[in-house]
Amino acid sequence: MALLQINEPGAVGERHRERRIGVGIDLGTTNSLIAHFDGEQLCVIADDLGETSMPSVVHYGASETLVGRSALAAAQRGSCDTLASTKRMLGRSRQEFEDDPYVSLASGEALALETEIGPKTPVEVSASILAALKERAEPGLDGPIYGAVITVPAYFDDAQRQATRQAAELAGIKVLRLLNEPTAAAVAYGLDEQSEESSLLGVYDLGGGTFDISILKMREGLFEVLATGGNSALGGDDFDRALADYVLSKTGLSDPSSAQRRVALRLARNIKEALTTSEAVTEELSQLGGSLPEITITRESLEILIAPFIEQTLQACRQSLRDAGTDTVDRVVLVGGSTRMPAVQKAVADCFHLAPLCSLDPDEVVAMGAAKQANILVGNHGDNEALLLDVIPLSLGLETYGGLVERVIERNSTIPVARAQEFTTARDGQTGLVVHVVQGERERVEDCRSLAQFELTGIPPMVAGAARVEVTFRVDADGILEVAAMEQETGARAEVIVKPAFGLEEGQIADMLKAGYEHAGEDMLARKLGEARVEAEALIAGIHSALAADRDLLSDTELADLQGEIGLLEVAIDNNDPDRIRESTERLGRSSEVFAARRMDRSIQVALQGVALTDLEAEENAS
Amino acid sequence: MRLRREFHGLIVSANPGVPARDYFSLFNIEPGMSLDEKALERTYHTLLSQFHPDRYAGKSAVEQRVAAQFCADVNSGYRTLRNEVTRAEYLLKSVGVDLHAAEREGVDAGFLMTQITLRERLEDTPATDKESRRALTEEITEHYHCSRDRCARSIAASDWSEAARAWQEMCFLWKLLDAAQPAEH
């Protein structure tokens with residue numbers, strides 16, 4: 001049902017639109033991939049050598065920036081300007097990495113990494129990876145990429161999601177949606193998608209740096225996430241480090257240099273991968289420079305080293321089953337490179353009492369699901385497309401008196417969601433209050449992640465407890481939060497879109513983007529104008545056809561106002577100024593919202609009558 | 001002594017300045033405690049299948065915004081009505097019962113004793129003793145059903161103060177049932 005447009009095939013506003021190109025991007029800790037759905041099949045886009053995975057590694061050299069395999073080669077020559085696994089640092093604070101022996105931080109207040117060409121933030125590194133993926137994909141597509149679905153670990157908090165969005169913005173990629181990785185995998189598998197009977201699916205996703213578990217209910221094209229859990233700092237990297245530490249301890253290197261650590265880490269990764277198929281591996285250690293010439297590691301000793309990490313993932317699985325209100329699932333699928341390990345597969349099988357499915361490549365499945373969804377979100381959808389209902393992984397709340405957290409939106413709430421709670425003042429004559437937004441499950445503020453803080457002022461002096469402040473939380477379909485506070489008596493308002501505390505400042509992004517635009521020149525302006533016009537004309541056409549059908553939903557004044565705004569937009573279109581067209585489109589959009597909402601209410605009545613009829617039929621069939 | 005409030009939250013529309021939708025009429029069901037959960041879920045799915053913002057992908061920003069606001073209401077409504085404790089709270093609030101005042105009044109002394117005893121017995125039963133845990137969980141569930149039925153009857157009879165008392169008992173017992181399950185965190 002179109003709210004403003006008449007949704008007949010070939011109707012105005014639909015007819016002349018060309019097919020847009022959407023891509024799916026799996027921005028991983030270890031490897032990143034880009035995939036596309038060409039209308040018939042899903043394909044993961046490979047590089048010149050036929051490799052689909054691009055190592056999430058960036059080398060910032062004085063003369064050039066290398067991404068992927070070439071950067072990895074630079075790293076193996078021992079260059080410390082090569083950054084890997086930076087996804088772990090997205091949206092995090094500097095304090096969390098100060099004691100990490102495997103990273104070298106640049107000096108300063110922000111979380112940034114040392115390179116030959118100066119400090120680089122995790123957001124910039126991710127942007128370099130995204131830009132390289134886009135560059136890889138574009139030559140093989142029929143046109144420019146309109147937008148991308150970028151996957152994130154389901155357990156990413158608000159700050160980590162915001163940082164991912166910023167990275168895309170820096171890379172010049174329009175984000176159609178941030179999609180949770182396990183949900184993307186479920187879409188790619190598409191099991192029981194069209195079945196009338198509902199079934200439960202568990203997705204166990206253990207990657208290089210993150211772990212997620214999601215429990216989904218699937219029925220007739222609906223993918224409903226019932227619960228999700230995980231750890232956004234647990235993955236194959238931890239296995240590598242545990243093994244590297246073990247190797248270093250065996251060689252008698254009590255205080256290894258950072259170069260030795262890097263070598264040990266690389267050896268550990270080789271050993272781990274070899275142990276997926278072999279029972280024991282012997283690795284030569286001369287590069288380490290210790291006293292031991294070589295070391296033999298058995299699969300069993302690796303499994304003992306990583307057992308505590310695997311147990312952590314199983315705890316999260318049990319909690320998610322409980323949150324979903326079930327003891328077991330009908331199927332469980334494995335996603336992420338670390339699920340290739342026999343110990344992981346066995347642990348999952350024991351936990352769910354099921355043999356896990358891994359028929360799709362665990363490295364590619366997330367990008368494939370994202371591409372499928374991207375095709376829908378650019379508007380190339382048919383009637384029976386899948387609908388994803390995802391949840392927020394962690395509760396959102398506010399700091400209240402005494403440093404306690406008052407939860408406003410519970411974890412596992414389906415998004416988009418909005419909820420408000422009423423608060424009051426604690427002291428007589430208090431005229432302002434601080435709204436401190438936090439995310440997490442713990443009772444005390446210091447145990448949760450702080451997302452944002454803002455002040456509401458202008459409350460008239462009253463006795464304690466008399467003011468009524470309504471705080472509204474809104475989480476959009478990307479899982480990103482917006483908070484507003486309003487004093488009910490006076491209407492004093494304050495609101496924020498929660499900005500990542502540890503990402504880039506708005507100004508920094510604007511500067512970086514400007515530097516990029518200067519190269520783009522006139523092409524860019526022409527494209528911008530074209531896009532703005534198409535959007536404006538489609539909106540006007542939509543409103544006209546909606547008016548033809550449901551004119552009675554507006555009063556005469558409302559109608560006159562709407563027509564006035566349409567006139568202004570038409571003038572802006574004639575003037576060929578993209579910024580003015582955008583501005584007027586936005587204004588017309590705002591003023592037509594009430595009309596669209598009323599049309600929606602009318603169609604809801606129709607939809608509900610449909611349900612009532614189905615119920616009646618079901619009863620008749622039963623009797 | 002009074003029970004700590006575990007379930008609350010003023011429900012508002014996702015759209016500021018517009019009065020909140022009534023959840024029962026949103027899902028086309030009669031207001032009351034008894035409710036066909038299957039039908040509720042079916043209506044929920046029907047509404048989202050048709051009006052989810054993703055269904056307006058590629059359409060104007062207005063349509064996506066209106067759809068997102070509507071879905072936020074649908075999601076909040078479903079979450080509220082699906083659970084009996086929040087459903088009761090919603091029913092009581094929507095007829096203007098002051099639950100804060102009810103809490104200050106508290107529950108009656110008999111229930112207070114019952115809940116203290118149940119809590120103590122739960123603390124004394126180790127999670128490893130699965131048989132005793134199960135028996136205790138069943139006993140708590142029975143108490144919960146009893147309070148829930150009383151709440152439902154009182155709401156039907158418009159006896160709001162009795163309904164508010166029964167609702168507080170439901171909150172407490174629900175919380176206790178949750179604690180009786182082994183936690184993973």
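Guide: Welcome! Because the model is predicted, local features need pLDDT of at least 70 and side-chain atom pairs count only at pLDDT 80 or more, while totals for chains, interfaces and linings use all residues. Residues are numbered from 1 along each chain as its sequence is written, and chains are lettered from A and ligands numbered from 1 in the order in which they are written.

Visitor: What makes the pattern of chain B α-α-α-α-α-α-α-α?

Guide: Helices are DSSP runs of H or I with at least four residues, and strands are E runs of at least two, numbered from the N terminus. Chain B has eight helices and zero strands, so under that definition its pattern holds α elements.

Visitor: Why are 37% of the residues of chain B called buried?

Guide: A residue is buried if 20 or more other C-beta atoms, placed from the backbone, lie within 10 Å of its own. Of the 185 residues of chain B, 37% count as buried, so they meet that cut-off.

Visitor: How do you know that chain B is in contact with chain A?

Guide: Two residues are in contact if their C-beta atoms, placed from the backbone, lie within 7 Å. By that rule, 37 residues of chain B are in contact with 47 residues of chain A. Helix 3 of chain B gives the most to its side, with 12 residues.

Visitor: Which kinds of residue make up that side of chain B?

Guide: There are 16 nonpolar, 14 polar and seven charged. Ala, Val, Leu, Ile, Met, Phe, Trp, Tyr, Cys and Pro count as nonpolar, Asp, Glu, Lys and Arg as charged, and the others, Gly among them, as polar.

Technical notes. Buried ≥ 20, exposed ≤ 12 C-beta atoms within 10 Å, placed from the backbone.
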